[in-house]
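User: I would like to go through the terms used for this structure and see what each one rests on.

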Amino acid sequence: MTHAPVAISVENLAVAYVRKGRILPVLQDISFSVRPGEALAIVGESGCGKSTLAASILGVLPGNAQITYGTIRVAGLDTTTAGFEELRAVRGTKIAMVSQEPGGALNPSMTIGKQVAEAVLATRGCSATEARARALELLTRVAIREPQNVARRYPHQLSGGQQQRVLIAMAVAGDPSVLVLDEPTTGLDATVEAEVVELIGRLRRETGAAIIFISHNLRLVSRVCERMAIFYAGRLIEIGPSAEVIANTAHPYTNALLSCLPSPSHDKFANPVAPIQGEVPRPGELPPGCVFSPRCRFATDACTSAQPSLEAVEGTADHRAACYYPEKAEGSVTSIPIERGPASADDDYVLELEHISKRFRNLVVCDDISFKIKRGETLGLVGESGSGKSTLARCIAGLTLPDSGIIRLNGKDLSLRIERRSMASVRAVQMVFQSPENTLNPSFSVRAILGRAISRLAQKAVSPDRLEKLAENVRLPQVFLDRRPRQLSGGQKQRVAIARAFAGQPELVLCDEPVSALDTSVQAGILYLLTRLQNEERVSYLFISHDLGVVRYLADRIGVMYLGQMLEIGTSADIFAGPRHPYADALLRASSLDGGETSPLPAAMPDAQVTEQSCRFAARCPRAMATCISAPPPVREGENGHQIRCHLTLEQLCHPGTPTPVSIEA
Amino acid sequence: MQENTMSLTQTPAEKLRAERRQQRAFLLRQLFGNPGFLLGAVIILFWCLVAIGWHLIVPYDPFATGITMPLGAPSLEHWMGGDDLGRDVWSRVLAGTADVLSIAPLATVITISVGTLIGVCAAYFGGAIDNLLMRSVDILLVFPPIIIALMIISAIGASQVTMIIIIGFFGAPAVSRTIRAAAMREANRDYVAAAVMRRENNGYILLREILPNIEGPVAVETTIRFGYAIFAAASLSFLGVSLQPPAADWGLTITVQRIYIQVQPWSTLGPALALASLVVAVNLVADRLRKVLATP
Amino acid sequence: MLRFLLQRLALIALMLLVLSGLVFFLVQLLPGDLATNILGSQATPEQYAAMRAKLGLDQPVWVRYFTWLGDFLRGEWGHSVSADQPVRDLVLTRFGNTLRLAGVALAILIPSAIVAGVLAGLNEGKWIDKIISVGGATLTVIPEFVSGIILMIVFAVWLRWFPISATAPSDADFWTTVRHLILPSLPVVFVSFGYIAKMARSGTIEVLEAPYIRTATFKGLTRRQIVLRHVLRNALPPTISLSLLQASFIMGGLVVVEQLFTYPGLGKLLLDASTSHDVPTLEAAVLLAGIIVMVMTLLADLTLALLDPRVRVGG
């Protein structure tokens, strides 16, 4: 490892924040190096110190943070001690960065061309004209169509994917020897994310820069990075070649992280995802000994007395882990099967939607949506942001008034306005929301929140017994009943929110991205809880998520929405087996759930003018034809109520390789 | 750690109470540990006590003429000298406190209640109601309040009650904007949606769910508006449209005495400094309160 | 853009209608009747009736309102009883004086407040920030007549640096006139200084924390380039726009300051007219003041629209 030159080396780095006079360590004893042309993934949940690491490398730590020990060397410069001018000299040329939130990372009042040219000018001495020409080259290189046109625009006129490409173009403008990518795809839709990841993969082959790719998404980074480093609670706990780390995990946390991500090998009853006990400790509340020991089932006295150091895993050259028992890691989690309840009757529908439509001004958010949900069934709803899935759930909930349509609950018409619904139907339809931060009223105690739900929804007197039973049902320890929401972790808040929804024995619970704001290790616990409750209470779910993996795991049937339209609906099995809609296909490829290589297909007619008459997906569809622009697609009927809204026949859709009849204009 | 040892001996309800006590103690430490806040609070307290009991502490009758030489210079007996009629300026400054402080607090109560009501309703009901309320507020905010107040007072005449009402209502639009923004943040949170899904009535949602969570902005606005109410009351009496001589009111005294500043500045400087100390003190308190309540 | 402008103009028209309505109906409440004022108390009821008909006072109130509004828009503002001259001449002369005073105030206020605010924002938490923030906040809350009287006593009576009178001799040159106006303009400056500086400061801090400033830093730009091209370019437009919105405050402050310095401006006229119940003068002065404020508000919106590509170019 010492033979090849090193582009960046981090040695014994320790960083702490000072808050209210207390020193809180956020990073401890971090050492690693990256060689030119190599890509290292930094993976960890929120609070593990990833962002602090990026800020330390780039010399932009906030004022209340300080590097307490260690060095970071980039091109002979120690960025932990360098001043602004020293750092400026290496920025752009030696070290560059792509940040998250592409929308905010571009100057809103400067044209794209100027911003890219500015990056060129800052890194090489050339004339303004040359810089402009070079900027156009860069935009072409990051696969931006019509660079001339894009260069004249302002950031707000670009899509999220385009904005991220521009940021990447600026980062590579000075051919940096180290490129730090800080969650570059967070907030992008799955299909766009796949495109950006592919671009990064291509650029790294071209540039030979050392890449540090920070992400919380283990699966995503394993596609582009040959090495990965797993962070937990401010410590580097495992590092090694990606394939090796995934195949021969040497730390219980890594193994737990891998097994709590829903994958095709899981089954929600027989082989459910295995939640990790507890939560990531906050800085300042670190346990003694190994940071993972409180959540580890193998923890011994040794583990709780001293933090193990990073040691090479036996029989490997470059794989190291900070665990006393690396050989046990693989068995660190066990999943507890759930006994499956009786299957639901075929015609016992809890919810029937007919022709629900909703517009906000000129924007169609729900376009003639119809479907049914059986008792005890889970309908998963996937689609990117803006596809109208949340609006649809809010229409069913009575929080948003649809323009037209019929909702039936247990076969009886349900008023679209919540104030006209009977208390019985109000009780029957409840909702679990996305953000744990917003779901509970901060001025009430958990007891008050659940008590109100019992008295309103169950229409029963609130007794300590009932409250405790409700809390026990969502595995919320009793001591939390007298706490305020801000004293709970994200996962605990979500448990309270679920308990609130279940206070009056609901028949349909609308779950609007209930796990997407949670850490991976906490997600699994909520998914497990939802499955168990469904089985015990015979409740139906409408489960909304942008994460196809989670939906596949939980849902019996899946609906795919795009720009307010239901493009496809069918049983999970049928959709994953195919034939499926080209959009569902793109989502599946992007999520890499099919296990194969993920290479997003380019759109066939990117500049197509989509009208009211066109297929909504035409402009982004890799298989678009002339008819897709001119006529609305028919609904193709498959087995088990499988419906696909596409001009291609089921037969054609079965063969994704079929060349499109329209030539692709470059 | 502390929490664990406490939970052994206390019931949950006791624990919650103890925790609230701790919170309150922490908040008070944050406020009174700040020299600016402390100074401001002491000055306000001083003037409030003076407003209530000025007749017990004035060295001379503030309305009696000929106590000093007309426009007499400050001396040991008369700290701020005398005015044109030979009245003791310091006594008149003390007596004038009551006039300012009888209008400002009540006007602030009106400002805050009306402004909060408008803001919360606009935020929660949204749509047409929000539009109507906020456009009206926009229009009201554009007009120079002093000018409109002048017109209203000259049309309906000045009295303490009209002054309180006018000053109270003119502050409300600005408050409603701030409160609306704060209430909007709360109204868009999912716990409000959860309450709607329990079919709670609007009164419950506004008063029990939303209002407790905007206490911070309301408290900050109250102190700011109290400062503005003093500002407005003093300015209107300076313009001579509110109280009439021989009232000892600070603004009015400055109007009457300012023609003598080249002879004896203290008869105007006295009430001017008194007024300045009061508004600056209110500002010190408001400033600290805003900082403490902004950081969770 | 055009639609935006038209919307704003429509709003202004609406606001003027509201303001004029308010003015008109408040004036109706003024004690005393115009016919009585003209004829005196000795006239017969028939003479009253005739005079009322002549003045149009027998018409319904809304007819009189629109007649009055039409006259105002045509520039027929009536005759001032107390000054015995056409209201239009009186109001416009006084308005000229006020414009001069406001000009000096704005020329001091806007540059100093914005520079101070930006400086404070760039040096957040340092002593210069503390001085500007605390000082600005303190000045803001002191009523104009209080700071005015203190300034007058200190700088005109004790130190004699500035003349105590705001009105320069009629043959004075430009700088002498300005020197006379500095003292009266300062109280108005003080009240708005803290507010504008606070806006400039928080605008600057907000921009400094924006991710795109990090992007600019990572490009390897110098501090100067970052501040000039990225910070100021985004922090200033909203600040400038907000400072124009202070117009309504400044207008109110001018009434007070003109009274304190006995300066013959629009504000003093307004105050005198309201105490002497000189109705036509009062109406004209208030409407003119309202128009000025609204034009400033329009300018505020336009500045922001022209300087922010998100508004200018659209999505």
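**Terms and what they rest on**

Analyst: The buried residues of H6(C) pack against helix H10 (215–238) and helix H12 (266–294) of chain B, and against helix H5 (87–122) and helix H8 (174–208) of chain C. Contact means heavy atoms within 4.5 Å. This is a predicted model: local features need pLDDT of at least 70, side-chain atom pairs count only at pLDDT 80 or more, and totals for chains, interfaces and linings use all residues. Residues are numbered from 1 along each chain as its sequence is written, chains are lettered from A and ligands numbered from 1 in the order in which they are written, and side-chain values use heavy atoms, leaving out hydrogens and water.

User: Which residues of H6(C) are called buried?

Analyst: They are C:Asp129, C:Ile132, C:Gly136, C:Thr138, C:Thr140 and C:Val141. Buried means under 20% relative accessible area (1.4 Å probe, protein chains only).

User: What makes the pair A:Arg452 and B:Glu200 a salt bridge?

Analyst: The rule asks for a side-chain nitrogen of Lys or Arg within 4 Å of a carboxyl oxygen of Asp or Glu. In this pair the closest N and O atoms are 2.6 Å apart, so A:Arg452 and B:Glu200 form a salt bridge. Across the interface of chain A and chain B the rule finds two salt bridges.

User: How many residues of chain A are in contact with chain B?

Analyst: 34 residues of chain A are in contact with 22 residues of chain B.

Key: Buried means under 20% relative accessible area, exposed over 50%, partly exposed in between (1.4 Å probe, protein chains only). Helices (H or I, at least four residues) and strands (E, at least two) are DSSP runs, numbered from the N terminus.
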